Structures are given as structure tokens and as C-alpha cells.
Amino acid sequence: MSAIKKLFGIVWSLMGIGIIPLVIMQAMKEIAAKPSEENWIFWSIVIVVLMPIIAFSLITFGIFALKGEYDVLE
Amino acid sequence: MAQNVTNVSQTEEVSSTRRVIAASSVGTLIEWYDFYIFGTLAKIISEQFFPKDNPTAALLATLATFAAGFVIRPFGALFFGRLGDLIGRKYTFLVTLVIMGGSTFAIGLVPGYKTIGFFAPAIVFALRLLQGLALGGEYGGAATYVAEHSPAGHRGFWTSFIQTTATLGLFLALGVILIVRQTLGVETFSDWGWRIPFILSSLLVGVSIFIRMRMSESPMFVKMKKEGKTSANPLAESFKKKDNLKMVLIALLGATAGQGVVWYTGQFYALSFLQNACNVEFVQSNLIISIALLIGTPFFIVFGALSDKIGRKYIMMAGMLIAVIAYKPIYQAMYDEATLKTKVEIVDKTTVETKEAVKGTDTITTKITKKSYEDGTTYKETVKTTIPLDPVKKAELAAADKLKPETKKEVTLPSNSYYKMIGFVLIQVIFVTMVYGPIAAFLVEIFPTRIRYTSMSLPYHIGNGVFGGLVPLISTRLVEATRPAPGLPPADPLAGLMYPILIASVSFVIGMLYISNKTNNMDVE
């Protein structure tokens, strides 16, 4: 179980890192296609609020998991 | 004799715990009510304070609806959580109640945009932020306060009463709005009647403050303070110390994020789906949600109590997993129940009525088409076209493609479909009760008393405010992306479910892998 937890730690960290360019590229693509106020507000909320929370928490959580910090919680 | 003394002592303890639960729950319920009436009346508030022709006001409208919901709530959690760990639970959540009640009452009194101009949206925006701040501080305080009074082994049961308050608050908000709207009529309600639910809040808050003033401080906090063991800096201790930070992260990613999206999907998105994708009429759609909420609410207590027996983890995870699997079939069934495509129209009963009236500088043409179907469904379509009397202005608007008519579609379901819809929403409310019923006890038990208020409040409000609060915005956006052209129906009305399904799936995997099921027996020390 401990090995699986650590292995998934890599997955969470990679997900956290991967989400940053993915969201930014999607935002740029959609705003370029339709630069409406609605689009700007939506993507600002996603980039300023949601993305940093997801990225920071997944990366940090993944590192902790990889280091075995959650092994004691079995 | 000794037995009698023990019995009297136990009876007093139970009675005291009941008073604690009642005082905490009533206040929290009122705070949720206050918070939800703004969201439920967003359309009317927008018309009163945030006119569409003023872009800054329109921007404030969007921010007021979302910002207070997700950005400010976590700040409230940090601010009041810190206070609660420094000076005590009782006074802190008394302050949040006063702030929430005061801002709600004030929103009901703010003059409209037509009277005081830009000050109106600015004041309402500021008051909405105060509401979000207060809500961020309230829940953690109430849950902590009740948990610290509860006997070990019954914490899931006692805190589940706090868990009922968010749903009951929404139910109360919908109920009060429906009653006031039906009593005054739609026009009067839109004109000034919408202020009544806000003003009514002051009475409820007054009663709640009176009850809370008479309560004593949490015994665990008092003991800790006497021993000089309170935290000097709860924020730093909660988020800078690795041992606490890792628990904050697991609480967020493995529990509250998934719980937040299930909560918002089962209640708010269900209402939005009924009204926008299924076009179910306003009163009927609100009644469907209200009845499902009322029937489902006792299950918060059922699952809270069950979590004392079998652990918090498996109930919460089962709720997330079943929700992930069942959402698409449930929403497909809801859509099929209301769609007119499969219903047989009684052509003889179709009526078309056209009215034309001059209002101010505009001619307003209203075309109302009413249709009946063999299964008892009725459909009403109102197409309203506003054309300026001034030919120059008319030509300008036509050139800018702004003379498009407003179309309102209303489907009224027959009894059979109506009850089925209640059933579909009720199933989702049961998922909500599974993930939400045990979560207060779970959060309370993974953090130590000295930083509990701060530590548990932040993951709760990020999970619910950010991950959950964004469900309506992101899901609506995902559905809109499938619309082939403006005015045409979306190709995939269920596309909005992708967001809650994805978040709940990740949360489920993290929860199953990393959360322990043994926390239910931990002592709150």
C-alpha cells in the first residue's frame, strides 16, 4: 500500500504541473477565438483562483505522498 | 442512590448537549439562509442594482455572485478561524452571525440604481463580500463548538445536525421566497417584495444572537486556555508546519473538494438544470427541489450517526463513487422526462395570443403561445420584442443586431413526471447527505484543538466555495460550448456534469488511498 501511495504521489505532482500550461493554453485559444467580456471574466476566475489552488495543492500533496508522509495514516 | 446521581448527571449532560446543538444549528441555518437568498434572487438583484447597460455594474454583478461565494469565504475562514483559536469559539461565531445578519438586513434596505446610481451596486457588492466573509467564519466555529461538546463515539451524530443547516438554509430561502412571491404577486415581488426575505433575516438573527449569548465557551477551549496551551499564531501553525499542512491538503483533496462538487451538483445545479435545460416552470422547479431537500435532510443525521459506527471514510467515499456513476443516467432521465420532443401535442388546444403596448419610448410586442400534450404537460412560450419608437434609434439597434426578441420557455409537468423529478433530485440529495453528513466530524477529528477552527475552516471553504461554488459557472460553460449556434439548443445538455464527475473521481481516489478510517475513535484533545 505504501508503494502505491508513493507511486501515486508522482501522478498527483505531474497532474498539478500539467494543469498549468493546459489551462493557460485553453484560455488563450478561447479568448483569441472570441474576446468577449464573458470569456475574459470566466478565464480570469479559472486562472487566478481555481488553477493555482489545484496546482499548488496537487504538487505539494504529491511531494508529501512521494516522501511517505501519509504512510502512517493507514 | 449513586445510580440515581449518575442518571441525573447523564440527563443533564444530554440536555446541555441538545441546547448546544440547537443554539449552534439555528444560527448556522440562518447564516446559510442569508447567503442563499442573495443567490436565489440574483436575477432580481441584478435588475435592481446592476443594470446591463452599465458595464462596470454588470461586472460587479458577476463578481458579487461568484467572488463572495469562493474568494471571500476562504478569507473569512482564515480571519475568523484565527480569532476562534485565539479568543474562543463562542464569541467568534457570535461576531460572524452579527456581520451576516447586519449585511443581509442592509441589502434589503439599499435604494436601487435608479435612486442612488452607482452607489447602489457598490454598496451591495461590499455587503455581499461581508456576507461571504461571515459565512467563512461561521461553519468552522459551529462545527468545532458542537464537536467539542460532544461525547466521543457520538461526534458524527451530534455534528450532523450542523450539517443539516446548509440544506435547510437553502430550503428556507426557497420557501420564504416562494411564499412572499405567491402572496404579493410576481410584479410587486420584482418591484419591492424581494426585500422582505432580506429584512426578515434580522428577526431570525436577533433570536439566534439571544440564544447564543446565553451559551458557554467550548469546554476543551476553556481547559486549553487555563493550561496556557492555546496557539500564539494559529495561521503559521496550521499552514507552515508540515504535519498540519499535510492534513489540510488531504482534507481538501480527499474529502471537501469531492464533497463540494457533489453538494452543489445535487442541489444548485439540479435546480439550474431543471430551469434552463428542461425549461421547468419557476414555481414547479423550486417546489421539486424544496420537497426533495426536505425529504432528504434526515439522512444527514442517519449517515452522521452511521459514521460513528463504521467510520467516516467509507460513507463519504461511497457517496462520491455512487454520484460519479449515477449522475449521467439521472440527468438523462430528468431531461427525457421534460423534453417535448417525445410528447404528443394536442393541436386543437394550441392558442396564440399577441399583445402590443407602448411603454415609454418603446413599442413592446408580446406573443404568447400555449400548447398542451397528451400526457398532461403544458408549454408556454413568451416572445417579447422591444422596438424603439424613434426610427433612428431603431435603425441603430437593428444595425448592431440588438433587436432580437427575448424568449421565455416554461414547461409545466403533469403529476406523474413531477413526482419522478422529485425522486431524481432526492437521489442526488441522498448522495449529498452521504458525503456531507460525516464530514464535520471527520474534519474536527484530524486537527488538534489549539488550531482546529483555523485548520478545518480553510479546506472546508476552499472545497465548498471554490470547487463546489464553481459548479454552476463551469458546468454552464461546458454546456454552452456544445451549442451549435446562438438560439439553438445545446448538442449535449449533460456536458456540464463532466466537471463534478472529474473532481469527485480524483477526490475519491485520493480519499480511498490516503484517508484513514480510524479517525472516528480519536479523542478530541
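Hi everyone, let's start where the two chains meet: the contact takes 16 residues from chain B and 18 residues from chain A. Keep in mind as we go that this is a predicted model.

On the chain B side, at least two residues each come from α3 (55-70), α13 (242-277), α20 (452-468) and α22 (498-514). Which helix gives the largest share of that side? That would be α13(B), with five residues. If you sort the chain B side by class, you get 12 nonpolar, two polar and two charged residues.

As background, nonpolar side chains tend to be buried together in soluble globular proteins.

Let me zoom in on B:L443 from that list. Setting aside neighbours within four places in sequence, B:L443 is in contact with B:A143, B:A251, B:M456 and B:Y460. B:L443 is itself one of the buried residues of α19(B).

Next, a helix pair in chain B. Helix α8 (residues 155-184) and helix α14 (residues 282-296) pack at an angle of about 145°, with their axes 10 Å apart. Their crossing is left-handed. From α8(B), the residues that meet α14(B) are B:T167, B:L170, B:F171, B:L174, B:G175 and B:L178. Facing them in α14(B) are B:V283, B:N286, B:I289, B:S290, B:L293 and B:L294. By class, this contact has eight nonpolar residues, four polar and no charged.

Stepping back to the whole of chain B, the domain assignment gives domain 1 (9-340 + 415-521) and domain 2 (347-376 + 378-409). Taken over C-alpha atoms, the centres of these two domains of chain B are separated by 38 Å.

Finally, a quick stop in chain A, at A:T60, which lies in helix α2 (residues 37-66). Why is A:T60 classed as partly exposed? Because it has 19 other C-beta atoms within 10 Å, while a buried residue needs 20 or more. The C-alpha atoms of A:T60 and A:D71, 11 residues apart along the chain, are separated by 16 Å. Thanks, everyone!

Technical notes: Residues are numbered from 1 along each chain as its sequence is written. Chains are lettered from A and ligands numbered from 1 in the order in which they are written. This is a predicted model: local features need pLDDT of at least 70, side-chain atom pairs count only at pLDDT 80 or more; totals for chains, interfaces and linings use all residues. Axes are lines fitted to C-alpha atoms, for helices over the stretch in contact, and angles run from 0 to 180 degrees between N-to-C directions. Helices (H or I, at least four residues) and strands (E, at least two) are DSSP runs, numbered from the N terminus. A crossing is left-handed if the near helix is turned anticlockwise from the far one by less than a right angle, and right-handed if clockwise. Two residues are in contact if their C-beta atoms, placed from the backbone, lie within 7 Å. Ala, Val, Leu, Ile, Met, Phe, Trp, Tyr, Cys and Pro count as nonpolar, Asp, Glu, Lys and Arg as charged, and the others, Gly among them, as polar. Domain bounds come from an automatic or database domain assignment. A residue is buried if 20 or more other C-beta atoms lie within 10 Å of its own, exposed if 12 or fewer, and partly exposed in between; C-beta atoms are placed from the backbone.
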